Amino acid sequence: MTRRRVRWIAGFAALLMLALLANSAYARGGRGGGRGGGRGGGGRPNISRGGPAGGGSFSRGGGSLNRGGGFESRNRSDGRRDSRSNNRNDRYDDRNDRYDDRREDRNDRYDDRRDDRKEFYDDRRRFAIGATLTAATFRALSCASRTVVVNGISYYGCGSTWYNRAYAGGAVSYVVVAAPPGY
């Protein structure tokens, strides 16, 4: 190996050991020596967890009266935890609402496109005013025709398209006309 690679590996090993030592000290809570004689404390004042101060108060009576103070502080932290939980739930609900809105919008767009296609094909099947259909073509239309008589003229309606009967070359045919008055 080259000298450069050896230095690099040695430097990496030293950094790794330093990281492991720092992690070890962090795991112990930073209680490694200093004042306190090695019993922990690490320079912090020695505070007893028992006696009157154990309940969160220096009052007489063993702190039984003020033990609720510690409970209240726990409740406050629980309130913060609940607040964080509520915020998390609110974010989750908002995300689900946005997802539902996007899904509904997507379905609406799909329905609109489908309706537009249907109208386009329906429009292509309709005939322009003045177009002539043979009797066989008229009978082959997919709708049930209705007959309306206005001012003595018979109009045959099929959907939104209206026809009049006419004769072309001695055969019956139907001519697309405007809708009769009132229809």
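Leu20 lies in helix α1 (residues 3-27); helices are DSSP runs of H or I with at least four residues, strands are runs of E with at least two, and both are numbered from the N terminus. The model is predicted: local features need pLDDT of at least 70, side-chain atom pairs count only at pLDDT 80 or more, and totals for chains, interfaces and linings use all residues. Residues are numbered from 1 along each chain as its sequence is written, and side-chain values use heavy atoms, with hydrogens and water left out.

Leu20 counts as exposed because its relative accessibility is 53% (buried is under 20% relative accessible area, exposed over 50%, partly exposed in between; 1.4 Å probe, protein chains only). Together with Trp8, Ile9, Phe12 and Leu16, Leu20 makes a nonpolar surface patch of about 570 Å². Patches are made of residues with over 30% relative accessible area and no salt bridge; like charges are joined within 9 Å, and nonpolar side chains (Val, Leu, Ile, Met, Phe, Trp, Tyr) within 5 Å. Accessible areas come from the Shrake-Rupley method with a 1.4 Å probe, and for residues only the protein chains shown count as cover.

Helix α2 (residues 67-125) contains Arg103 and Asp100, three residues apart and therefore separated by about one helical turn. Their side chains meet in a salt bridge (3.1 Å, N to O); the term requires a side-chain nitrogen of Lys or Arg within 4 Å of a carboxyl oxygen of Asp or Glu. Arg103 is partly exposed at 35% relative accessibility, as is Asp100 at 27%. The structure holds two salt bridges. Arg114 and Asp111 also meet through their side chains in a salt bridge (3.4 Å, N to O). These residues, too, are three apart in helix α2, so about one helical turn separates them. Arg114 is partly exposed at 39%, and Asp111 at 28%.

The strands pair in the antiparallel sense. Pairing requires at least two DSSP bridges between two strands. Strand β1 (residues 132-134) is joined to strand β5 (residues 171-177) by three bridges and runs antiparallel to it. Thr132 stands opposite Val175 of β5. Seven bridges link β5 to strand β4 (residues 161-168), again antiparallel. Here Ala168 faces Ala171, and Tyr163 has Val176 as its bridge partner. β4 and β5 form a hairpin with two residues between them, and Gly169 in the turn has a positive phi of about 65 degrees.

Strand β3 (residues 153-158) runs antiparallel to β4, with three bridges. Gly157 is partnered by Trp162 of β4. This pair of strands, β3 and β4, also forms a hairpin with two residues between them; Gly159 in the turn has a positive phi of about 70 degrees.
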